[in-house]
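The sequence and structure come next.

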Amino acid sequence: MPSWMASAVHFQTSDFLSNTYPKFDEEIEVRVRAPENAPLKQLILRTIPNGEQQFTTMQKSTVIDGYTLWICRLRLREAVNPYYFILDSESGIWYLDAFGVHQDLPLNSQAFKLLTDQEEIPWLPGSVFYQIFPDRFANGDSSNDPIDETDGVTGSFRSTYSWGQGVASSREHIAFYGGDLKGIQDHLDHLQELGVNGIYLNPVFSAWTNHRYDVRDYFSVDSTLGGDEALISLVQNLKARDMRYVLDIVPNHCGVGHPWFLKARLDPDSEEAGFFYFDEKRENYVSWMGFRALPKLNFRSQELRERIFGQEGVFSYWLKPPFDADGWRVDVGNMLGRQDADQFSDLVIRGIRQTVKATKPEAYLFAENFYEAASQLQGDQWDGVMNYMGFSAPLMAWLKAPSAGAIGWKGQLHSNAPWQTGSLVKSWMQHLAAIPWSIALQQYNLLSGHDTPRVRTILEGDETLVRLAYMVLFTFPGVPSIFYGDEIGLVDQENFGSRVCMPWDKATWHQDFFSFLKQLVNLRKRNDTLAHGAFQILYWEDDLLIYQRELAGDHVLLTLNRSDAAIDAKNIFTSEAGIRTAYFREFLGERSAQVQNGILYLPELPRGGSIWLAADGSYTSDIIES
Ligand SMILES: [Ca+2]
């Protein structure tokens, strides 16, 4: 590829689109930035309205600092509007799409995709989430702790143990620690000190187990968490602090003790019998991954659809006062509505979306999906997913030799070596290119959670790499989130996995890391470039990756060195980044770096990550520390 071509760029930000949230039938301006001296014969916008391609010749507009802005008008006549650009140059015909510039024919999946009539979630770009697993965060009311009890349905026994006491928990013997909603309310000062302003609450509905994905009533808060009153009280306290929260729901299955299932089992003629997948003899039923305690819900039933996502259904109920949730995290979003011949996932997810947005247009709807989820991320289904595939899995594979397994498979895949840097770049770019940029900005990005080991555990306590990973989390497109306890240096523990009891004795906390994370949270919340700016890989080699976020003339650079040694000072071309002259200061550091005539002079890069802020921006470390 001719070198100038990498500097021909378009991103779906306000720098390159006159409206990033256009209405249906709106006409907008589309812009491409290319070097002034690029040997372009013409530049074409290629669209495909109603299935037939259309070319629009772009015009040269302003020239700024050595770059020409090429522009044209685009009328948006569909819900999803794919487009790319054709660079007709002295060096042949090339294509610019969301994956970059290339000569081979573009794939539809990698076209830029612009949505019309998308419900913007205005509070989301300024949000940093904090995930809480209620049983393990804080016990605010010991009077509601689960008593020693054997379940009449499953025969399992549950008991409450003292905070942090490691007990082997199993399906037969379920260990509780008494955490509840009052405990969360009591510790909101801690969350505010950290700076997070959104909470993702793991399930709170009435259930039997400590994770509560075995729902027994979708319309009540578990009494062992304090019941509905405790949630109402928590919500009032959250609102007073200008904090948001989302609830966790599993519509894929319910608990074997749910009255729907009990009734269905007793009465084959009941409405509820159609909510499940029984075999012909009615002895067996389909359950999640074969776990008998979690019978799979059957969305062939119209009545079930009504109860889950009808106007008066579960999804709508909790978004309204007095609970007033700000959104939903949907468990098992990858399997929802799917069972062999029944493939209703599109229908179910769209139904959920319609109800959620009709009830509360600003609600945030995201789902668990451990796998490639691009088909669910085209604007008509989820606002985002828990971004394992597009964010954390590639990053962790680059930092640490990856391993993988599957539920029900005894084997283990384990690599001896971390990924090559080029694989990380390609994986991130492919996943970003596959979805509209406005959706990428809504992805729920995470490094740790209740289903995976904590990042500090995976990285074996490597402080430098843990910090590098968190720098990426807070500068990558999407919504950053922290799993409770990560901020004070928690690691997985025997008998708990990642679901450890949060220690409240501050003497045990990793105070330096807490301080580090506070500053990252603060930076992310006040920096528009990190919330909305374009994402662009600028340079990579064996152990080094450099990318930028760019918006309205502001630039944030990331340099990531994963090797054991420092990387020598080096010069990087910044023409493709749109930077001719600039002065950068290291966030949380003392160093600076200069760009002159399109060359970035980087000092020696020690092992780890660095964030570089354009010094003429308003985000100097002085302000952050104030
Ligand atoms: Ca309690």
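## Terms and model

Two strands are said to pair if DSSP finds at least two bridges between them. Strands (E, at least two residues) and helices (H or I, at least four) are DSSP runs, numbered from the N terminus.

The model is predicted: local features need pLDDT of at least 70, side-chain atom pairs count only at pLDDT 80 or more, and totals for chains, interfaces and linings use all residues. Residue numbers start from 1 along each chain as its sequence is written.

In the order β1-β5-β4, 3 strands form an open sheet with antiparallel pairing. Its edge strands, pairing on one side only, are β1 (27-35) and β4 (59-64). On average, neighbouring strands of this sheet are turned by 30 degrees against each other, direction ignored; the axes are lines fitted to C-alpha atoms, for helices over the stretch in contact, and angles run from 0 to 180 degrees between N-to-C directions. Strand β5 (residues 67-75) and β4 are joined by 4 bridges in the antiparallel sense, and Lys-60 has Trp-70 of β5 as its bridge partner.

Another open sheet of 3 strands runs β11-β12-β13, and its pairing is mixed. Here the edges are β11 (149-150) and β13 (173-176), each with pairing on one side only. The antiparallel pair of β11 and β12 (residues 157-160) has 2 bridges, with Thr-150 opposite Phe-157 in β12.

## Chain overall

The chain holds 15 helices and 34 strands. Its radius of gyration is 26 Å, close to the 25 Å from the globule rule for 626 residues, so the chain is as compact as a globular protein of that length. The radius is taken over C-alpha atoms, and the rule is 2.2 Å times the number of residues to the power 0.38. Along the principal axes, the C-alpha trace spans about 75 × 60 × 50 Å.

Of the 626 residues, 47% count as buried. A residue is buried if 20 or more other C-beta atoms lie within 10 Å of its own, exposed if 12 or fewer, and partly exposed in between, with C-beta atoms placed from the backbone. Among contacts with a separation of 6 or more, 69% come from residues 24 or more positions apart; a contact requires C-beta atoms, placed from the backbone, to lie within 7 Å.

## Domains

The assignment for the chain gives domain 1 (3-115), domain 2 (129-146 + 180-256 + 297-529), domain 3 (257-296) and domain 4 (530-615). These bounds come from an automatic or database domain assignment. The centres of domain 3 and domain 4, taken over C-alpha atoms, are separated by 57 Å.

Helix α9 (residues 421-433) has 13 residues, which at 1.5 Å a residue should span 18 Å; its end C-alpha atoms are 18 Å apart, in agreement. The expected span is 1.5 Å times one less than the number of residues. In α9 the buried residues are Leu-424, Trp-428, His-431, Leu-432 and Ala-433. Their cover includes α8 (388-399), α10 (437-440), β27 (534-540) and β28 (544-551).

Strand β28 is itself mostly covered, with 6 of its 8 residues buried. With β27 it forms an antiparallel pair of 6 bridges, in which Ala-534 is opposite Glu-550 of β28; a hairpin of 3 residues joins β27 to β28. Strand β29 (residues 554-561) pairs with β28 over 8 bridges, also in the antiparallel sense. Gln-548 faces Leu-557 in β29. The β28-β29 hairpin has 2 residues between the strands, and Ala-552 in the turn has a positive phi of about 50 degrees.

## Two selected residues

Ser-287 sits in the loop between α4 (259-266) and α5 (302-309). It counts as partly exposed because it has 16 C-beta neighbours inside 10 Å. Leaving out residues up to four places away in sequence, Ser-287 touches His-253, Arg-292, Leu-294, Pro-295 and Lys-296. The C-alpha atoms of Ser-287 and Asp-324, 37 residues apart along the chain, are 31 Å apart.

Asn-571 belongs to strand β30 (residues 570-573). With 11 other C-beta atoms within 10 Å, Asn-571 is exposed. The C-alpha atoms of Asn-571 and Ile-599, 28 residues apart along the chain, are separated by 6.3 Å.

Technical notes. Two residues are in contact if their C-beta atoms, placed from the backbone, lie within 7 Å.
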